[in-house]
Each structure stands twice: as structure tokens, then as C-alpha cells.
Amino acid sequence: MACTTNIKTLSYGDQKPGTSGLRKKVAIFQQAHYSENFIQSIFDTVGQSIQSNTIVVGGDGRYWEPEVARLLIKMAAANKVKKVVVGQNGIMSTPAVSHYIIKHGAIGGIVLTASHNPGGPLNDFGIKYNGENGGPAPSSVTDRIYTTSKNLTNYNICHDLDIDISVVSSHQVDVDGNSFTVEVIDPVKDYASYMEEIFDFPQLRGYIKKTNLQVLVSALNGVMGPYVKEILCQRLGVPESSAIACEPLPDFGGLHPDPNLTYAASLVEAMKDGIYDIGAAFDGDGDRNMILGKNAFFVSPSDSLAVLADHLDCIPYFKKTGIKGFARSMPTAAAVDRVAVAKGLRVFEVPTGWKYFGNLMDAGEISLCGEESFGTGSDHIREKDGMWALLAWLSVMAHTGKTVEQLLTDHWSKYGRNFFTRYDYEECDANNASEMMSYLRSLVDSGSLIGKELLATSGESYTVQLMDDFSYTDPIDKSVTTKQGIRVIFTDGSRIIFRLSGTGSSGATVRLYIDSYESDAKKCGQSAEMLAPLINVALTLSRLKEFTGRDTPTVIT
Ligand code: VG1
Ligand code: CO
């Protein structure tokens, strides 16, 4: 029998979750009672209902994760949670956690991850709470967690409870006279079976074999390694040699587990040789994806969303559920909107962060949604889902018999093309970045740019139609979210957007998003050339260099 102790603690003032959970340097989480305080704040916010229920615990295997997973179990027991389901060694991808919560009717889940942020003792750790719909907690809940954390005085823990999470098994223990269960599960099995329900695996397997399709996948040493091996290699017949960086490592082997052209450089290089037909990379916790075609042909996430939207009905899951509407985050280019118009479906524009899609999916308004930040997913769960996106791409290829590049070029000739780029200026001085945002807000407030022509140094001119700070009213619960990014929309439909990242752990990351539409596919040149004048306008307008001292971005997508 294990006993609960109630420990006195001093609150921290900085436990405010960002775009997706609380993310800080490992050293911050290692401060006395820091993780304990945040976990207790989650339990207190969820309240009494946690006592007779199950919570799911997952994570991406990064440094400090196993320690916090064990701590979480001790605290769950002490807070009278009935059952904890945890992935073996604390490992379970974000999409798999979402799926498990829904399938088994858990009250929620806690994912120990800083997602695409680097790991290791000097890098980041994170804790994220998902609610009973399987999705990231909405801001109303994370705000309450934050408020609770600021006033926290005590937490509950069962110090003498030590459960071995390295072996798949079920443990039942007596805690203060109540029964408490910890189930250590294979993190892949349930999720892999669910993918088999959604997609036509015999068709995909046959297609890969018959066409001798060459696939190359990098898990960037994040959580996805075991999922890639089980789903792609074991169940779809892709050779093991096609699975690179597929060992989950505490520091991701020094890689930055963010699947973009900069941080997944080794995959991009390998794809350039022209041997592989499709390449994919996933982030640390497995919810993001990057798709590449032969010769490293890049599929922008906004285009990926649109192409999948156009072909969604080839996936068995949607034959059953029908296709409802689509949604994208505000900075995501509007390519999917054109598909929605053609199909007579609704499309929603929400703020950045997957939590804003949850209500729309719960209400049956949307089937597919995505973000420009390499997030694609559907209403099969309530998180974006990297493996789902790759399987969806393979399904579209199998169905149409087209290559990745053909699918894109055909899409552009049918719908026109939204050129998109994102510049990230990482780890800027926080005060300087917020001064720049204040300056941009002052331009919004004065309205002085409306109707004005802005000139690029290369001669192009753009007339400002609208400039605002994006705000969103949730169509389902009517909650309002403000200050979600400065938008400058021009009369030709082009857009410039500025936001500060909400997932970083030090300084501020400025994100600049540029989106412009070209209806004549023949005029379509390289993205960088097409967008150069607008980028020039954006940098001049924001005085970015003056404010941040930065000449060039750290990442270009
Ligand atoms: C970023 C992305 C956003 C994404 C979020 C979480 O947020 O821009 O689209 O939902 O990361 O993704 P921000 O606030 O830094 O721009 V993940 O895979 O890191 O959970
Ligand atoms: Co992620």
C-alpha cells in the first residue's frame, strides 16, 4: 500500500502555456517543485472528475521525459486518478495519445513534449494537457491552469509508489485504501490498427510493391521511429533501410526535430539524388509532417492541404463519414479555400494552434484541416497527425497513379497557385520584437495605410485594402480570441502577416508569412522570385531590421 503526502510549495509566476503547452528549458523544469506545481495545477483545473477516470500519458522520449512520466504517475495516484495509461518508457506520439483518449473514453491526457523544439539537457522540455475530446486544451482551460499555478500552495504525491514503465504490463496498487491502476502499453499497436481502419492498407501495400515505389522517411530521432517501422515497414512492406533517424533519442541525436527544409536537411539532400519517389519527415512528437517528391520537390504545407482536400474521397474513412468542411489557420495560404469553393464546402479560418480546430471537428463542421507549419490532419483524431498525412499522400498517389510533382502541377493548373513563404527570425530580443509588434499595431490603429500604395524596390506596387490584428470568434462556443497576428491584405489578394511565436523557450521568434495568388499557371515561376517584392515591402513596412537587428531569417520555408 502506498500513501499520499501533501507537500507545501511556492508558486511560480511563469507557468503560462503557449500555443501548445508549457515549454521551457530543461533547467527551468528541474527547479524545485516546478514540474510538480504545473502538474498539480492541471489536476486542480480538471477538478473532481479526474478521480474516477483514466488519464493517458505520452511523450516523445526527450531528455527529462522518463523522470517526469514517473513523477506524473506518483502525482496521479495521490490525486485519486483511477487509472493511468502510459506508453512503454513514457513514449507515445501526440496523435496516438489523442486517439487513445477518444477510443478509451479517458478524461484527458498529458503529453510530455516540446514538440519541434530541440531536446537534451541544455534544450527544451514541455508539458501539454489534452481534454476528453482528445485535443489540446482550449485557451479557456490553459488560462485556468495558469491562474491556478500562480496561486498554488500545495501538491499531492505518493513518494513510495514506483512503477516500472519499461515493460508492457498492468499494475494495480492500493493507494490510501483506493485501487489505482497503471497500464503500460505498446504505444504503437492501437494507433497502427486505427490507421488500417482509415486507409486501404492492401491497396497501399500493393501499390508500393507493384510500382516499386521508393520511400524515404526520417523521424529526426523523435517519437515516430517505432511508428514508421511498424506501419510503413512491417505493415506496408517498405524496407527498413528507408527509415532513417528512426531511433527515439533523448537529444534527437543533436537534430532539431522540426520537419522543414532547414532542419531536415539530410532528408532533403538524400531526396535530391532522384532515387526516392516520396520523402517525409516528422517532428519530435509526430504530429507534423513534411512531404517531398522526387528530386526533393517541395510540397508546401498549404498546398499539401489543398491537394488532399481535392482527393479526400479516395480514402475509405471519408467514404464512410462523408466530407464536411475544411479549415486552415489564418497564416496558412488560401489554396484549400479554392478547393472548398469548387466542392461547395465551407472553409474556416482560425488562429494559429490546433486547439482552434477542436470545436469545429466536435460539431461535425470539418473533415480536414491544416496549418502552414507542417500540420495536417482530419477529424479522425483531434491533433494534427504526421503519419496520417503521409498515408493520405500515398493513398492519393495510389488512386491517381500520379507522382507528387504531377499532383502539384495539375493542382496549380486547375486552381491557380498560392505562393507562400515563411521567414522565421528565431531568438530575437523579446523587447525589441514586441516593440516591432506595437509599432505595427499603431499602424493598424491609425488606419493610415488603408488605400495606400506600397512600393517594392524592384518597382512592383501593392495597394493596402485592409490592415488588422486578427481576431477570431469561435462559431461553436462564441469565445473570442484577439491579437492573433498583424495582417496586411492587398487589393490583389496578397497578404503579409506578422506574429510572435508562442512555442519558443527563450527570446522571441518573429514569424513573417507571405501569401500571394497567381491564377495563370504558366506564369508560375519559383516561389522565392515570385514573392521577393512582397517580402521587400514587408521588411520596409515593419522596419524589422531596425527593431530586431536581423538582416536575414534563421529559417525560410
Ligand atoms: C507553432 C506553429 C503552429 C503550431 C504550433 C504547435 O506555433 O506556428 O502552427 O500549431 O507551433 O506545433 P508558434 O506559436 O510557435 O508559431 V507543435 O508540432 O510544436 O505542437
Ligand atoms: Co509537434
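What follows is a short exchange about the ligand site and the cysteines.

Reply: Before we start, this is a predicted model, in which local features need pLDDT of at least 70 and side-chain atom pairs count only at pLDDT 80 or more, while totals for chains, interfaces and linings use all residues. Residues are numbered from 1 along each chain as its sequence is written, chains are lettered from A and ligands numbered from 1 in the order in which they are written, and side-chain values use heavy atoms, with hydrogens and water left out.

Me: Which residues come nearest to ligand 1?
Reply: Thr19, His116, Ser373, Thr503 and Arg511 do, out of 19 residues around ligand 1, where a residue counts if one of its heavy atoms lies within 4 Å.

Me: And what is that shell by class?
Reply: It has 10 polar, nine charged and no nonpolar residues, with Asp, Glu, Lys and Arg counted as charged.

Me: How far is an oxygen atom of ligand 1 from an N or O atom in the side chain of Arg23?
Reply: That distance is 3.0 Å for Arg23, and an oxygen atom of the ligand also lies 2.9 Å from a side-chain N or O atom of Arg288 and 2.9 Å from one of Lys384.

Me: Switching topic, how many disulfides are there?
Reply: The count is zero, a disulfide being a pair of cysteine sulfur atoms within 2.5 Å.

Me: Is Cys158 buried or exposed?
Reply: Cys158 is buried, at 0% relative accessible area, whereas Cys3 is partly exposed at 39%; buried means under 20%, exposed over 50% and partly exposed in between, using a 1.4 Å probe and protein chains only.

Conventions: A polar contact is a pair of N or O atoms within 3.5 Å; within protein, one must be able to donate a hydrogen and the other to accept it, and residues adjacent in sequence count only if both atoms are side-chain atoms.
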